[in-house]
Amino acid sequence: MSSLSGFVKRLRDIMRNDAGINGDAQRIEQIAWMLFLKVYDEKEQDWDMDEDDYHSIIPEACRWRNWAHDDKSGSTLTGDKLLDFVNNTLFPVLKGTDVKDKDGNIIKGVQVDKNTPIKKAIVKTTFEDANQYMKDGVLLRQVINVIDELDLSDYEESHAFGEIYESILKELQSAGSAGEFYTPRAVTSFMAKMVQPKIGEKMADFACGTGGFLTSWLAELEPQIKDTKDQEAFGESVYGIEKKQFPYMLCITNMLLHGLDVPNVFHDNSLLHDVLDYTDDDKFDVILMNPPYGGSEKADVKSHFPADLASSETADLFMSVIMYRLKDTGRAAVILPDGFLFGMDNAKINIKKKLLSDFNLHTIIRMPGSVFSPYTSITTNILFFDHKGPTKETWFYRLDMPEGYKHFSKTKPMKLEHFQPAIDWWNDRKPIVEDGFDKAKCFTAEELSDEFGYNFDQCGFPHEEEEILDPLDLIQRYEEERSSLNAEIDRVLAEITEKLGGNK
């Protein structure tokens with residue numbers, strides 16, 4: 001095909017003329033389901049050759065090669081006929097509904113059960129809530145032709161397109177609410193690098209979005225592959241769960257593009273399972289996550305957690321899931337907002353108590369506030385811990401903005417190289433003081449629990465720069481700052497009370 005670098009632009013230029021596409025989020029979702037079917041069709045060609053008795057779960061009439069590919073014979077579907085087929089045959093069938101073709105023959109809807117192999121079941125799961133927005137069948141044909149030009153059977157082009165797909169996922173950052181499913185690749189790569197993956201280990205992300213942590217893990221692991229046994233372990237090394245259908249579809253396609261024929265990614269809600277029911281078989285060597293934060297969960301969700309850990313905040317509940325699903329000797333890296341560090345409600349305190357007493361919270365990296373811009377300006381942190389015993393000491397390190405940057409943005413995003421100061425410090429840990437403020441410092445578990453009352457707000461950013469925030473972000477920032485101030489007041493009052501003999 002023509003230059004891959006122009007792939008997204010070509011699709012965007014065509015779809016701008018379609019009255020059914022309203023904004024970036026719909027455009028990306030439209031591209032996503034077509035890409036999935038194209039990539040899945042390429043995979044099926046491999047499976048056809050590798051397996052003696054392979055049968056597609058997709059009916060013949062609905063396989064990409066039989067309706068989307070233009071064989072230049074002049075009989076290819078386009079215009080109103082294409083639109084009618086996609087809306088009234090393809091989508092209903094892939095969602096599981098039987099449909100009659102123009103000759104009155106029944107095309108069976110895709111059905112799955114507990115015995116359906118994952119690589120087949122993902123078709124129905126992917127299309128359960130998918131949407132077809134385009135209203136112009138001629139423009140739809142043009143979009144399909146651009147996507148069909150991809151030669152994913154060619155290793156070089158397939159690998160190159162994997163990079164292009166990253167750019168499509170990155171656009172989610174500025175596509176309205178869809179941005180919540182995307183973690184900047186620099187962040188996922190840094191976290192995967194620091195946990196040091198090993199062949200044979202299994203890694204999980206229980207809110208995996210578009211699969212950023214899964215692909216960063218695979219990228220770190222791939223150079224270690226030496227033989228077919230390693231290759232098999234590599235393909236089985238990731239596990240993901242995603243609650244929402246659209247990012248689930250993007251993640252499945254991402255995994256197929258990265259050579260995983262059987263993506264262990266499931267469309268489910270990690271918070272709807274009793275954490276006390278997890279056994280050793282449900283645990284993982286490594287967990288990498290950016291849990292959704294800012295959300296509030298209902299009582300029926302909180303009922304799946306012990307009473308002392310039953311927070312109403314989504315990120316808190318995911319922290320409990322992580323702790324209950326991390327293997328003994330396992331390790332984790334998790335992104336959490338500032339509100340977790342200094343939050344002083346009962347559930348947060350109990351989660352932090354458990355984190356210090358049952359796990360080794362060895363490092364907290366404080367990140368700049370604009371890392372997730374423009375989706376949110378809330379300041380976040382990376383917590384690194386393992387399940388090798390209780391915490392003895394915790395290092396805090398503040399990652400400042402790189403020279404020449406005031407804020408990260410869509411045009412000036414965070415890059416992996418911006419983490420280099422943290423990587424250099426990681427390998428040679430020393431306290432750092434800049435302009436009279438701690439940039440890196442080690443605290444004992446006793447200091448964090450007894451002296452600071454489980455307020456983990458250490459080595460923060462001393463210079464607050466003026467920011468214009470989205471109203472919801474502004475409210476959350478205010479609540480976090482108020483919580484931090486209340487925590488400091490409570491600590492000071494407790495010290496005064498103790499000195500006055502009030503606790504005797």
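Which residue in β6 does A204 stand opposite? The residue is I287. The structure is a predicted model, in which local features need pLDDT of at least 70 and side-chain atom pairs count only at pLDDT 80 or more, while totals for chains, interfaces and linings use all residues. Residues are numbered from 1 along each chain as its sequence is written, and side-chain values use heavy atoms, with hydrogens and water left out.

The sheet comes first. Helices (H or I, at least four residues) and strands (E, at least two) are DSSP runs, numbered from the N terminus. Two strands pair if DSSP finds at least two bridges between them. An open sheet is formed by 10 strands, in the order β5-β4-β3-β6-β7-β9-β8-β10-β12-β11. Its pairing is mixed. β5 (265–267) and β11 (432–434) stand at the edges with a single partner strand each, so one side of each has no neighbour in the sheet. From one strand to the next, the twist averages 15°.

Individual pairings follow. Strand β3 (residues 203–205) is parallel to strand β6 (residues 284–289), and the two pair over 2 bridges. Strand β10 (residues 393–398) has 5 of its 6 residues buried; buried means under 20% relative accessible area, exposed over 50%, and partly exposed in between (1.4 Å probe, protein chains only). β10 pairs with strand β8 (residues 360–366) in the parallel sense over 4 bridges. Here Y397 is the bridge partner of I365. β10 also pairs with strand β12 (residues 437–444), in the antiparallel sense and over 5 bridges. In that pairing, T394 has F443 as its bridge partner.

Helices were examined next. Axes are lines fitted to C-alpha atoms, for helices over the stretch in contact, and angles run from 0 to 180 degrees between N-to-C directions. Contact means heavy atoms within 4.5 Å. Helix α11 (residues 245–257) lies across β4 (238–242) and β5, and runs at about 160° to β5.

The axes of helix α1 (residues 7–15) and helix α6 (residues 137–148) come within 9 Å and cross at roughly 175°. α1 is therefore roughly antiparallel to α6; angles over 145 degrees count as roughly antiparallel, under 35 as roughly parallel, 65 to 115 as roughly perpendicular and the rest as oblique. F7, R10, L11, I14 and M15 of α1 make the contact with L139, Q142, V143, V146 and I147 of α6.

On the α2 side, the contact residues are W33, F36, L37, Y40 and W47. On the α5 side, they are K119, K120, I122, V123, T126 and F127. In α5, 9 of the 10 residues are buried, so the helix is largely enclosed by the rest of the structure. These buried residues pack against α2, α4 (79–94), α11 and β5.

A nonpolar core is a set of buried Ala, Val, Leu, Ile, Met, Phe, Trp, Tyr and Cys residues joined through side-chain atoms within 4.5 Å. The largest has 149 residues, and F7, W67, F206, I382 and F385 have the most contacts inside it. Helix α2 (residues 24–50) supplies the largest share of this core, 11 residues. Beyond its neighbours within four places in sequence, F206 is in contact with residues including Y239, I241, F284, I287 and M289.
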